[in-house]
Amino acid sequence: MSSASSDLLHSLAWRYATKQFDAERKIPRETWDVLEQALVLAPSSYGLQPWTFLVIDDPALRSELRPFSWNQAQVTEASHLVVFLARRQIEESDLDRLITATADVRGQTPEQLAGYRSADDKHASLAKVRYPLAELIQHR
Ligand SMILES: Cc1cc2nc3c(=O)[nH]c(=O)nc-3n(C[C@H](O)[C@H](O)[C@H](O)COP(=O)(O)O)c2cc1C
(Lines give C-alpha, C1' and ligand atoms only; values in the text may rest on other atoms or scores of the structure.)
Protein backbone atom coordinates (compact mmCIF):
# COMPACT_ATOMS: atom_id res chain seq x y z
CA MET A 1 0.00 0.00 0.00
CA SER A 2 1.35 3.45 -0.88
CA SER A 3 2.02 5.89 1.94
CA ALA A 4 -0.66 8.24 0.52
CA SER A 5 -3.19 5.38 0.78
CA SER A 6 -2.22 4.48 4.32
CA ASP A 7 -2.22 8.18 5.32
CA LEU A 8 -5.76 8.47 3.99
CA LEU A 9 -6.96 5.36 5.85
CA HIS A 10 -5.18 6.48 8.99
CA SER A 11 -6.88 9.88 8.81
CA LEU A 12 -10.29 8.25 8.27
CA ALA A 13 -9.72 5.87 11.20
CA TRP A 14 -8.67 8.82 13.41
CA ARG A 15 -11.67 10.93 12.42
CA TYR A 16 -14.52 11.02 14.90
CA ALA A 17 -17.70 13.01 15.48
CA THR A 18 -16.92 15.39 18.32
CA LYS A 19 -19.74 15.65 20.85
CA GLN A 20 -18.30 18.10 23.37
CA PHE A 21 -16.60 21.36 22.47
CA ASP A 22 -14.65 23.95 24.38
CA ALA A 23 -16.69 27.07 23.59
CA GLU A 24 -13.60 29.22 24.17
CA ARG A 25 -11.64 27.63 21.35
CA LYS A 26 -12.00 28.80 17.75
CA ILE A 27 -10.80 27.15 14.56
CA PRO A 28 -8.14 29.53 13.19
CA ARG A 29 -9.31 31.69 10.30
CA GLU A 30 -6.93 30.15 7.75
CA THR A 31 -8.07 26.62 8.64
CA TRP A 32 -11.72 27.67 8.43
CA ASP A 33 -11.14 29.18 5.00
CA VAL A 34 -9.87 25.80 3.77
CA LEU A 35 -12.92 24.06 5.22
CA GLU A 36 -15.23 26.50 3.41
CA GLN A 37 -13.45 25.70 0.17
CA ALA A 38 -13.92 21.98 0.88
CA LEU A 39 -17.67 22.60 1.28
CA VAL A 40 -17.81 24.32 -2.09
CA LEU A 41 -16.06 21.32 -3.70
CA ALA A 42 -18.67 18.83 -2.43
CA PRO A 43 -20.05 16.73 -5.30
CA SER A 44 -23.68 16.84 -6.41
CA SER A 45 -25.86 15.25 -9.07
CA TYR A 46 -24.83 16.77 -12.42
CA GLY A 47 -22.70 19.24 -10.46
CA LEU A 48 -25.79 21.37 -9.95
CA GLN A 49 -24.93 22.15 -6.33
CA PRO A 50 -28.46 23.28 -5.52
CA TRP A 51 -27.56 24.37 -2.03
CA THR A 52 -26.31 27.07 0.27
CA PHE A 53 -24.15 26.68 3.35
CA LEU A 54 -25.14 29.16 6.04
CA VAL A 55 -22.31 29.81 8.46
CA ILE A 56 -24.02 31.10 11.58
CA ASP A 57 -21.65 33.57 13.23
CA ASP A 58 -24.20 35.36 15.42
CA PRO A 59 -24.27 33.74 18.92
CA ALA A 60 -27.88 34.87 19.53
CA LEU A 61 -29.00 33.19 16.33
CA ARG A 62 -27.14 30.02 17.32
CA SER A 63 -28.99 29.97 20.67
CA GLU A 64 -32.26 30.42 18.81
CA LEU A 65 -31.45 27.44 16.56
CA ARG A 66 -30.47 25.07 19.37
CA PRO A 67 -34.04 23.90 20.24
CA PHE A 68 -34.47 22.90 16.59
CA SER A 69 -31.50 20.51 16.92
CA TRP A 70 -32.73 18.46 19.87
CA ASN A 71 -31.13 21.06 22.13
CA GLN A 72 -27.65 19.71 21.35
CA ALA A 73 -24.93 21.77 23.03
CA GLN A 74 -22.73 21.53 19.92
CA VAL A 75 -25.01 24.07 18.22
CA THR A 76 -23.93 26.83 20.59
CA GLU A 77 -20.52 25.54 21.73
CA ALA A 78 -18.73 24.35 18.63
CA SER A 79 -16.32 26.78 17.05
CA HIS A 80 -18.48 27.17 13.95
CA LEU A 81 -22.01 26.19 12.98
CA VAL A 82 -22.96 25.49 9.38
CA VAL A 83 -26.58 25.05 8.34
CA PHE A 84 -26.90 23.15 5.10
CA LEU A 85 -29.79 24.41 2.97
CA ALA A 86 -30.52 22.07 0.07
CA ARG A 87 -33.17 22.92 -2.50
CA ARG A 88 -35.33 19.86 -3.05
CA GLN A 89 -36.78 21.16 -6.28
CA ILE A 90 -34.46 21.88 -9.21
CA GLU A 91 -35.57 25.00 -11.05
CA GLU A 92 -34.92 26.20 -14.57
CA SER A 93 -32.67 28.84 -13.02
CA ASP A 94 -30.41 26.05 -11.61
CA LEU A 95 -29.96 24.70 -15.14
CA ASP A 96 -29.35 28.20 -16.47
CA ARG A 97 -26.63 28.69 -13.89
CA LEU A 98 -24.92 25.37 -14.69
CA ILE A 99 -25.11 25.88 -18.45
CA THR A 100 -23.78 29.43 -18.19
CA ALA A 101 -20.91 28.37 -15.92
CA THR A 102 -20.08 25.36 -18.13
CA ALA A 103 -20.07 27.52 -21.26
CA ASP A 104 -17.77 29.91 -19.46
CA VAL A 105 -15.31 27.11 -18.50
CA ARG A 106 -15.34 25.78 -22.07
CA GLY A 107 -15.18 29.14 -23.81
CA GLN A 108 -18.52 28.46 -25.51
CA THR A 109 -21.87 30.21 -25.55
CA PRO A 110 -24.83 28.88 -23.50
CA GLU A 111 -26.68 28.38 -26.80
CA GLN A 112 -24.04 25.88 -27.94
CA LEU A 113 -24.87 23.78 -24.87
CA ALA A 114 -28.65 23.99 -25.25
CA GLY A 115 -28.84 20.25 -26.03
CA TYR A 116 -27.68 19.40 -22.51
CA ARG A 117 -31.04 20.47 -21.11
CA SER A 118 -32.84 17.58 -22.75
CA ALA A 119 -30.29 14.76 -23.09
CA ASP A 120 -29.56 13.42 -19.62
CA ASP A 121 -26.66 11.16 -20.57
CA LYS A 122 -24.76 14.06 -22.08
CA HIS A 123 -24.48 15.71 -18.67
CA ALA A 124 -21.83 13.16 -17.81
CA SER A 125 -19.40 14.88 -20.14
CA LEU A 126 -19.94 18.41 -18.84
CA ALA A 127 -16.71 20.15 -18.00
CA LYS A 128 -15.98 20.59 -14.34
CA VAL A 129 -17.73 23.65 -13.04
CA ARG A 130 -16.70 25.19 -9.76
CA TYR A 131 -18.97 27.92 -8.48
CA PRO A 132 -17.32 30.78 -6.63
CA LEU A 133 -17.15 30.34 -2.88
CA ALA A 134 -19.14 33.53 -2.28
CA GLU A 135 -22.02 32.11 -4.30
CA LEU A 136 -22.46 29.04 -2.09
CA ILE A 137 -21.42 30.24 1.32
CA GLN A 138 -23.22 32.95 3.24
CA HIS A 139 -22.61 34.21 6.74
CA ARG A 140 -25.33 35.20 9.22
C1 LIG B 1 -26.52 11.85 8.90
C2 LIG B 1 -25.81 12.01 10.20
C3 LIG B 1 -26.38 12.75 11.19
C4 LIG B 1 -25.72 12.95 12.41
N5 LIG B 1 -26.29 13.74 13.37
C6 LIG B 1 -25.60 14.00 14.49
C7 LIG B 1 -26.14 14.88 15.46
O8 LIG B 1 -27.23 15.44 15.29
N9 LIG B 1 -25.41 15.11 16.56
C10 LIG B 1 -24.20 14.53 16.76
O11 LIG B 1 -23.58 14.79 17.80
N12 LIG B 1 -23.68 13.68 15.86
C13 LIG B 1 -24.34 13.42 14.74
N14 LIG B 1 -23.79 12.57 13.81
C15 LIG B 1 -22.53 11.91 14.08
C16 LIG B 1 -22.72 10.45 14.49
O17 LIG B 1 -23.32 10.39 15.75
C18 LIG B 1 -21.38 9.76 14.51
O19 LIG B 1 -20.80 9.85 13.24
C20 LIG B 1 -21.51 8.31 14.92
O21 LIG B 1 -21.85 8.27 16.27
C22 LIG B 1 -20.23 7.50 14.70
O23 LIG B 1 -19.16 8.08 15.42
P24 LIG B 1 -17.83 8.56 14.72
O25 LIG B 1 -18.21 9.48 13.59
O26 LIG B 1 -17.08 9.26 15.80
O27 LIG B 1 -17.12 7.34 14.21
C28 LIG B 1 -24.46 12.36 12.61
C29 LIG B 1 -23.89 11.60 11.60
C30 LIG B 1 -24.54 11.44 10.41
C31 LIG B 1 -23.87 10.63 9.32
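**Close-up views of a predicted model**

**View 1. Strand 1 beside strand 3.** Strand 1 and strand 3 (residues 137–139) run parallel here, with three bridges joining them. This is a predicted model, so read each view as computed. Pick out phenylalanine 53 and look across to strand 3: its bridge partner there is isoleucine 137.

**View 2. Strand 1 beside strand 2.** Now for the antiparallel pairing: strand 1 (residues 51–55) and strand 2 (residues 82–86) are linked by five bridges. Leucine 54 is a handy place to start, as valine 83 of strand 2 stands opposite. While you're here, a general point about side chains: in a regular strand they alternate between the two faces of the sheet.

**View 3. Around the ligand.** Which residues surround the ligand? They are Tyr16, Ala17, Lys19, Gln72 and Gln74. Sorted by class, that shell comes out as two nonpolar residues, two polar ones and one charged.

**View 4. Stepping back to the whole protein chain.** Six helices and three strands make up the tally for the protein chain, and along the sequence they follow the pattern α-α-β-α-α-β-α-α-β. The C-alpha atoms of the protein chain fill a box of roughly 55 × 45 × 25 Å along the principal axes. Its radius of gyration is 19 Å, while a compact globule of 140 residues would have one near 14 Å. As for contacts with a separation of 6 or more, 70% of them in the protein chain come from residues 24 or more positions apart.

Key
Residues are numbered from 1 along each chain as its sequence is written. This is a predicted model: local features need pLDDT of at least 70, side-chain atom pairs count only at pLDDT 80 or more; totals for chains, interfaces and linings use all residues. Two strands pair if DSSP finds at least two bridges between them. Helices (H or I, at least four residues) and strands (E, at least two) are DSSP runs, numbered from the N terminus. A residue is near a molecule or strand if its C-beta atom, placed from the backbone, lies within 6 Å of it. Ala, Val, Leu, Ile, Met, Phe, Trp, Tyr, Cys and Pro count as nonpolar, Asp, Glu, Lys and Arg as charged, and the others, Gly among them, as polar. The radius of gyration is taken over C-alpha atoms; the globule rule is 2.2 Å times the number of residues to the power 0.38. Two residues are in contact if their C-beta atoms, placed from the backbone, lie within 7 Å.
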